[in-house]
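Colleague: I have some time before my next run. Can we go through this model together?
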Amino acid sequence: MGSEEGFSIADKAIIAASKSGQWVLLKNVHLAIKWLIELEKKLYSMNPSQNFRLFLTLEFNPRIPANLIRLSRVYVFEPPSGVKASLQRSFTQVLSADRTDRQPVERCRLHFLLAFLHAVVLERLRYFPVGWSKKYEFSDADQACGRDVIDAWVDNVSQGGKLSNISPDKIPWDAIQAILGEAMYGGRVDNEFDHVILKAFIKHLFREESFNSDFFLNTALSEEHRLRSPDGRKRGDFLTWIESLPAKGSPTWIGLPEHAEQMLRINRANHTLGRWLLLQGAVRSVPKAIKPAGSKGRASITGNPLDALGNKVKQMLSMLPESLYMMERSEASLGDPLWRCFDREMGVGGSLLGRVRADLNQLKGVCEGLVKTTNEIRNLIHDLNTDSVPKQWKRYAVADITVTEWLADFILRLDQLRALRESDNLQRALLWMGGLFFPEAFLTASRQAIAQKMQLSLEELLLVVDVGNTNPDEESFIVKGLYVEGAAWDTQSEELKMTDELTVAMPATRLRWVHRDSADYKQTADFLRIPVYLNTSRSLLISSFNLKSPMEIPQAVWLQRSVCLTLWTKS
């Protein structure tokens, strides 16, 4: 399904089978949502044979017609999660005995390393958005292709499998790493830092040391969380080792910190609570009909169902400022990139403030019976009752928060804009980057401002990040409100450190644009490069910062822990 040709064939097959009492199986119907809506209408108008059955296979999609699901018997097939279950599936479905136990014996270990890599990339999807920033569609086809590539290279160095043993240093590790990291698995990854994480796993697993008896499959620092590679030569040896694993593995097996499971439970709880509040709000938005005792006919609605909402609207209006004054324009200010950036922020903030106040005033009139209800107002009432942010208010990227949280955050953003308007020196202002509507535009504007001041091109300037340093100079900007996930900042040694906390606030930070050949930049060139996301959803990548990390901890450990900075988080 998914093409016009498939639709016509499916329609003919259903009509013919409904008359003859045959069965029809349609695959991947989640690719044909509009056609499913039409199918639902056809099913109601059909008079099929009692023996007719229609089977639909699909992946979950929220746009699937609800009535079609109610008409059907639904079976959900979901493989068990966990590294152990994934390894078992790999050796059952992809790595058969006739492929894995072929000569040379080193082939079996390479197949096992591929199975472990496949288990890691799949298991990290459970920890979205920390494991991966997106829900990539890794599949068994990736593993099967990887198996074929490994077999081709092994056959190449073993004379077509004639040699019973080959030296690990003869295996073309660079070629295997490149094909797995750039084509098989890496071809599905479009986030730069997810790609770095994937290549870190591949580089760790597929190397000559993986044949050593003391090789560990993961990069955990503590001995209790290290997973030693099995000492086996045959498929049966690796299966025995897999069976000995606990059913519930540790997040450290896939490179994540131990507390990642706690983060997963919190996300699930928040999702469940959000759905429950959505249902509660939907119930509140429906007025209850009350039928007087002894009366006949329809029940009448008594009381105004918007009374409870009216007080909430009045409170929201009282919290919002009346207006937001724009930046003062001059010929000099128009040539300042920073001024233009903040002027744009003022324009967006002022326009959005006007829209929010106009919507709330209109809704206030509806609650007081002074204004007639329209479809737009009904949608607004539904959003506020369910504590959702109205669509017309989402003019900038924002996390998944309630309208109450959004309004409080919006007011803080307006307060910062008012403070910037009154500031004598925009470069010296202590800036909450996450409170800007477009923080990536500020980074560009700050770079342009320094390039203009130093008479340099943008390409010659690179960013140096000084965490905890708030001493301003001619090339720097001070920002606050940064948070780090997967690590913490040691203020004494001025470097990253391990932590069990989910999210840790960072000190105020100085951002400096310096010449790419300067000593200041060369000192940080070898630091750990970590991504900077807008918020914890990791859906919008803003930039990347180079931060110092302890020399005794390999950078692969930090990469696999998915360490990142966020500009905004829930208070």
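Colleague: Is Asn28 buried, partly exposed or exposed?
Modeller: Asn28 is partly exposed, because its relative accessible area is 38%. Buried means under 20% relative accessible area, exposed over 50%, and partly exposed in between, with a 1.4 Å probe and protein chains only. Keep in mind that this is a predicted model, where local features need pLDDT of at least 70, side-chain atom pairs count only at pLDDT 80 or more, and totals for chains, interfaces and linings use all residues. Residues are numbered from 1 along each chain as its sequence is written, and side-chain values use heavy atoms, with hydrogens and water left out.

Colleague: Where is Asn28 found?
Modeller: In the loop between β1 (23–26) and α2 (33–45). Helices (H or I, at least four residues) and strands (E, at least two) are DSSP runs, numbered from the N terminus. Asn28 also has a positive phi of about 55°, although it is not a glycine.

Colleague: What is the phi of Ser562?
Modeller: Positive, about 60°, and Ser562 is not a glycine either. Ser562 sits in the loop between α19 (555–560) and β13. With a relative accessible area of 4%, Ser562 is buried.

Colleague: And Thr566, what is it in contact with?
Modeller: Contact means heavy atoms within 4.5 Å. Leaving aside neighbours within four places in sequence, Thr566 touches Gly481, Leu482, Tyr483, Glu485, Tyr533, Leu534, Asn535 and Thr536. Thr566 belongs to strand β13 and is buried, at a relative accessible area of 0%.

Colleague: How is the chain divided into domains?
Modeller: Into domain 1 (4–71), domain 2 (83–256), domain 3 (310–424) and domain 4 (427–570). Those bounds come from an automatic or database domain assignment. The centres of domain 1 and domain 4, taken over C-alpha atoms, are separated by 53 Å.

Colleague: Back to side chains. What does Arg413 reach?
Modeller: The side chain of Arg413 reaches the backbone oxygen of Gly435 at 3.5 Å. Arg413 is in helix α16 (residues 403–422) and counts as buried because its relative accessibility is 3%. Beyond four places in sequence, the residues in contact with Arg413 include Tyr396, Trp432, Phe437 and Trp568.

Colleague: How many disulfides does the structure hold?
Modeller: 0. A disulfide is a pair of cysteine sulfur atoms within 2.5 Å. Cys341 counts as buried at 8% relative accessibility, and Cys367 counts as buried at 9%.

Colleague: Which residues does a cis peptide bond join?
Modeller: One joins Gln103 and Pro104, with omega about 0°. Another joins Phe128 and Pro129, with omega about 5°. Pro104 lies in the loop between α5 (97–100) and α6 (106–123), while Pro129 is in the loop between α6 and α7 (140–157).

How values were computed:
A polar contact is a pair of N or O atoms within 3.5 Å; within protein, one must be able to donate a hydrogen and the other to accept it, and residues adjacent in sequence count only if both atoms are side-chain atoms.
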